[in-house]
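Subject: A structure for you to look at

Hello,

Here is the structure I promised to pass on. Have a look at it first, and then read on for what I found.

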Amino acid sequence: DLLERNNQTVKFFTHQHLRYLFDDNKGQYVLLRGYEKGQSCNDLHDMKFGLQSHDHHCRLTRHGPNRIDVPVKPYYVLFVEEVLHPFYIFQLLSVIIWIADVYYLYAGAVFVIST
């Protein structure tokens, strides 16, 4: 992927939520570090009112948004996955077999315990 920085195009890739930028001086990809590296506590306290608009845009472009997108399955997919789980299929077949052999009490116990 390409990224604009100081009117220059920078190559980067993301691996396991870590972003690596291509360093032309070293001729290799280097891990993008946070801005807190090499800063004193006073530097961090000076930013207590936030960043300038330009700095914010640069950091957002370089680091990306501070979020993790978690895919959420629809309810019907979760329902089908749970109903077709091998444990519940085994329990259902066990209850049917115990009822067929006239073991109603045991079938009822298995049904109550599994629900």
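Which pattern does the protein chain follow when read along the sequence? The answer is β-β-β-β-α-α-α-α-α, with 4 strands and 5 helices in the chain.

Please keep in mind that this is a predicted model. The average pLDDT of the protein chain is 81, and 89% of the residues score at least 70. Among the elements, helix H3 (residues 75–83) has the highest mean pLDDT, at 90, while strand E1 (residues 2–5) has the lowest, at 60. Where pLDDT is low, the predicted coordinates should not be read in detail.

Now to the strands. E3 (residues 18–23) and E4 (residues 28–31) run antiparallel and are joined by 4 bridges. Phe22 stands opposite Tyr29 in E4. The two strands, E3 and E4, form a hairpin with 4 residues between them, and Gly27 in the turn has a positive phi of about 75°.

Another residue with a positive phi is Val102, at about 60°, although it is not a glycine. You will find Val102 in the loop between helix H4 (86–100) and helix H5 (104–114). Is Val102 buried or exposed? Its relative accessibility is 54%, so Val102 counts as exposed.

Finally, some values for the whole chain. Of its 115 residues, 12% count as buried. The accessible surface comes to about 10400 Å², and carbon and sulfur atoms hold 59% of that surface. Among contacts with a separation of 6 or more, 24% are between residues 24 or more positions apart.

Enjoy exploring!

Best wishes

Notes. Residues numbered from 1 in each chain as written. Predicted model: local features only at pLDDT ≥ 70, side-chain atom pairs only at ≥ 80, totals over all residues. Heavy atoms only, no water. pLDDT = per-residue confidence, 0-100. Pairing = 2+ DSSP bridges. Buried < 20%, exposed > 50% of the residue type's maximum accessible area, 1.4 Å probe, protein only. Contact = heavy atoms within 4.5 Å. Areas by Shrake-Rupley, 256 points an atom, 1.4 Å probe, with all protein chains shown as cover.
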